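User: Could you take me on a close look at a single part of this model, and then show me how that part sits in the whole? I would enjoy a connected account.

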Amino acid sequence: MKDTAARGHLPVRQITVYAAEDFRVTHGVNEGDALTDAADLIPDDIYELAPGARPRRLGLAVSPEGHLSVSVDTEAGAVTAPVFLDSLATFMSPAGETLEAILLVEVDAMTGMIATVHLHPLSPIAAKLPYTLVSLDREGARRKFAESASVSFTRGTRITMANGLQVPVEDLRPGDRVLTRDSGAQEVRWVGMQTVRAEGSFAPIRIEAGALNNAGPLVVSPNHRLFIYQRLDALGAGQRELLVKAGLLVNGTTVTRAEGGFVDYVQVLFDAHEIIYAEGIAAESLFVDTTTRSALPDEVARRLHFDAPGDYPLGAVELRESDLTRRADAVAMLKRVSAV
């Protein structure tokens, strides 16, 4: 995809964050202080989220080198300011449940000093509940960020093979030949699986049968992009080929967020980024770039070619949240314009 100037020319990752000022130490060495970077955090300090604290959307543009900056499509942060993955913080609730959160440091581009810290919780966080800081992992932030960005199918999703058979995604093996939209039959190179709590950034999206002309229910990770070919350019995107993240289609009825319990996520990798068919929907395979490569095993990462950010199939336009929030009937409209 060659992005327009309004979109910043770089692919954008949208995450939900809280302002550091809304998450303060109520008991401990740093009592009264707001959340800061890992260098000043003290284990066993107890934090609470302020009543009325509102999560905000932070847009992160990803450069070809993997550097992050605040995108033009954002609610939080200063546009173009550099952002760094500081650490993965683990907190413990009074009930003994762990809360993992990624700390992102936004830097003033002029001075190089810390401008603000963003808290990106990986599961729901409650206000006025004490959370004890248990540990900080400087290396784990990039891996967790990569895992939450990786596109994944869920166990049981039927994938169309080169011979027309429908095979559950968890049964795919390296060497199996899968039907792709643009490259014919392609061999699977790697299949990965992870089991995570179906909460926050990891809660899957359920698309009911028929919602997008799909044969059966499709359940995928929130960042998983579906390929839509419009017979008419109903959204004014300037072309007919669209990529849209499943999480942006949630409407509370035909597309919902399936929170609670655990979910088995399955990633499918080919020699190149491909569009394959899952429950009859055209959907992307795992897209490996400087953001998501940390989620791969080292032996796989060493021998694979990595796609450049923005190198999407067919030059398809990726829709932003603002493209869809204007349309209360976005799912029904996309179904209608993509029907054969």
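Analyst: Happy to! Let's start with helix 1, which is largely enclosed by the rest of the structure because eight of its 10 residues are buried. Buried here means under 20% relative accessible area, with exposed over 50% and partly exposed in between, using a 1.4 Å probe and protein chains only. The buried residues of helix 1 are Gly 140, Ala 141, Lys 144, Phe 145, Ala 146, Glu 147, Ser 148 and Ala 149. Helices (H or I, at least four residues) and strands (E, at least two) are DSSP runs, numbered from the N terminus.

A word on the source: this is a predicted model, in which local features need pLDDT of at least 70 and side-chain atom pairs count only at pLDDT 80 or more, while totals for chains, interfaces and linings use all residues. Residues are numbered from 1 along each chain as its sequence is written, and side-chain values use heavy atoms, leaving out hydrogens and water.

A pocket is an open set of points on a 1 Å grid over the protein atoms alone, where a 1.4 Å probe fits, with protein on both sides within 12 Å along at least five of seven lines; lining residues have an atom within 4 Å of a point. Strand 7 gives the largest share of this lining, three residues. Of the 18 lining residues, Thr 98, Leu 99, Ser 123, Arg 197 and Glu 199 lie nearest the centre of the pocket. The lining divides into nine nonpolar, three polar and six charged residues; Ala, Val, Leu, Ile, Met, Phe, Trp, Tyr, Cys and Pro count as nonpolar, Asp, Glu, Lys and Arg as charged, and the others, Gly among them, as polar. The pocket holds about 460 Å³ of space, a volume being the space filled by probe spheres set on grid points joined across faces, edges and corners.

Stepping back, the protein chain has four helices and 24 strands, and 49% of its 340 residues count as buried. The largest nonpolar core has 32 residues, with Phe 153, Ile 159 and Leu 172 among those with the most contacts inside it. Helix 4 gives the most to this core, three residues. Such a core is a set of buried Ala, Val, Leu, Ile, Met, Phe, Trp, Tyr and Cys residues joined through side-chain atoms within 4.5 Å.
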